[in-house]
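The sequence and the structure are shown first.

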Amino acid sequence: MEKPITAVWEITMGCNMQCKHCGSSCTSALQGELSTDEALTLCAEIGELGLEWITLSGGEPTTRNDWHKIAKALNENGVVPNMITNGWAFSEEEACKAEEAGINTIAISIDGLQQSHDYIRKEGSFERSMKAFEYLKHTSVHTAAITTIHNKNIHELHQIKEILIDKGVERWQLQIGLPMGNMAHHKELVTPPQIINEIIDFAYEETQKGDIIIDLADCIGYFNAKELIVREKNSGNLGYGWDGCGAGRYNLGILHNGDIIGCVSIRDKELIEGNIRSESLRSIWEREDAFSWNRQLTKDKLKGHCKKCRYGAICKGGCTNSRLVHKGSIYEENKYCSYGMVMDQAEAVLRNVENPSELLEKAMKFLLNEKHQLAETALSLYLEYEPNDIEAQKNYGYIQFMLENYEESKRCNEVILKVNPKDVYALKGLGLALAKMGEVEAGIEHLKKAIEYTDHSFLDPYYDLAVILVENNYEEEAKTLIKETTLKYKEFKTYQQMFNEKLGVS
């Protein structure tokens, strides 16, 4: 069962601004908003579910006069409350209420220097946000800023940073505006995909200085070396990186009326999992088919470069809402992926290579250096010229397997076996692909066929069969196979050592 860690709760859709980039198009409070009593009851359920922290947002949460009561109730139920505000009505009194309620961090939206910020939000809003930071300075509440990057403020980041440092702001989250809600009517503000690398470069350079913590939102990434360093440094966890959308896996969203969804940024009503007025939060979270769109999302369901990406099984296409808003489906590729853009650029360069032999040479060099993604691109282009090159097909099948594209690896090996049903390498490759796809018995059968046709010059099928057996709880059978093969072929001694190391046997 997935363990919930955090949530975002839109306690109201009421707002005192109508920002041009607002994804929710907030105006006044909507019908069905939870009453104070309902909200306080939900606070107890949130605590009982075991969430560690929760962010109160909106709309503008301070337009709801009981926001501090909700925050206090969360605190009393063992959940750390945070809040996002536009700062417009945030007075010294509000700052004291936040401190008394036990709010840990208040993040204020800052969407540019004064002119840009006020253009996006409301005349005079920049100054009010600055005053809100000043009020919070005199409390124990931590301060943060959130900047939605658009085409009017992308070149103001350095200046914004200096202002935030001057105001004593501790953390700064950067995110990109998406063409949804109000911003769907202001698409001139939406940044192109290439801006992602500029944002990552900025975050990396400024993180090295250590004067403010810069957090990259889920819509910015992925698997860019600099991004990884920023996330590692700010999380305090070595090796921390993007591991896929957390919606319904370790975080959830609560809407103003008690609807539960994986992420509040997602406005697709079909992805609402239930409502706390009709069932408990725990029962919604623990229902067997809950959040299945994300909990059961696998790489093979994705499209475009995400489907074949080496990180696809981990990343699952990055931010779900980015894919949904930009491409209309949660299964489409993420065009705002830093790694994907690099691969697209590499493919564009390789497509200009008109000599098939040169493509093959490049592919083999990439493969030798274990650059499987580039090898896949080069070899796929080569096979457009030479589809009947069996050796190239074998290498292509292997590359696809290493990229965890098991369906494509299966297809490649089946093509080879149509030409030669006894091809040991293809039988082995097909067996491994089938086993990884869950067709374990069929995979084992093909690996045994590979063993039937092989000789001492190619002993990989024995080792690969043993590994598949271990992975599927046939450990004793695997050990017997390794022992018998070692007695039969002295050349197998190295494989035996590899197998023992895999099992942790000295």
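How many residues apart in helix 14 are Glu347 and Arg351? In this predicted model, the two residues are 4 positions apart in helix 14 (residues 338-351), a separation of about one helical turn.

**Salt bridges**

Side chains of opposite charge can pair when their charged atoms come close. The model contains 35 salt bridges. Four of these pairs are listed below.

| Pair | N to O distance |
|---|---|
| Arg351 and Glu384 | 3.9 Å |
| Lys226 and Asp201 | 3.3 Å |
| Lys436 and Glu471 | 3.2 Å |

Arg351 also pairs with Glu384, at 3.9 Å from N to O. That pair links distant parts of the chain, since Arg351 belongs to helix 14 and Glu384 to helix 16 (residues 372-385), 33 residues apart. Arg351 is partly exposed, with a relative accessible area of 46%, whereas Glu384, at 54%, counts as exposed. Elsewhere, salt bridges with shared partners join Lys161, Glu206, Lys209 and Asp211 into one network.

In the salt bridge between Lys226 and Asp201, the closest N and O atoms are 3.3 Å apart. Lys226 lies in helix 8 (residues 225-235) and Asp201 in helix 7 (residues 195-209), so this pair ties together parts that are 25 residues apart in sequence. Lys226 is partly exposed at 30% relative accessibility, and Asp201 is likewise partly exposed, at 28%.

**Helix 19**

Helix 19 (residues 424-436) has 13 residues, which at 1.5 Å a residue should span 18 Å; its end C-alpha atoms are 18 Å apart, in agreement with that expectation. The helix is mostly covered, as 11 of its 13 residues are buried. Among the buried residues are Val424, Lys428, Leu430 and Leu434. The elements covering them include helix 17 (390-402), helix 18 (406-419), helix 20 (440-453) and helix 21 (460-471).

Just after the helix, Gly438 adopts a positive phi of about 100°.

**The interface between domain 2 and domain 3**

The chain is divided into domain 1 (6-307), domain 2 (353-444) and domain 3 (454-505). The C-alpha centres of domain 2 and domain 3 are 23 Å apart. In this pairing, 9 residues of domain 2 are in contact with 11 residues of domain 3.

The size of an interface is often given as the accessible area lost when the parts come together. Between domain 2 and domain 3 the buried area is about 820 Å², and carbon and sulfur atoms give 76% of it. Val424, Lys428 and Ile444 supply 50% of the area that domain 2 buries against domain 3, more than any other three residues.

The polar part of the interface comprises 3 residue pairs in polar contact, both residues of each pair being at pLDDT 80 or more. The count of salt bridges between the two domains is 2. Helix 19 and helix 20 each supply at least two residues of the side of domain 2 that touches domain 3. The largest share of that side, 6 residues, comes from helix 19.

Terms used. Residues numbered from 1 in each chain as written. Predicted model: local features only at pLDDT ≥ 70, side-chain atom pairs only at ≥ 80, totals over all residues. Heavy atoms only, no water. Salt bridge = Lys/Arg side-chain N within 4 Å of Asp/Glu carboxyl O. Buried < 20%, exposed > 50% of the residue type's maximum accessible area, 1.4 Å probe, protein only. Expected span 1.5 Å × (residues − 1). Contact = heavy atoms within 4.5 Å. Domains from an automatic or database assignment. Buried area = accessible area lost by both parts, 1.4 Å probe. Polar contact = N/O pair within 3.5 Å; in protein donor to acceptor, adjacent residues only side chain to side chain.
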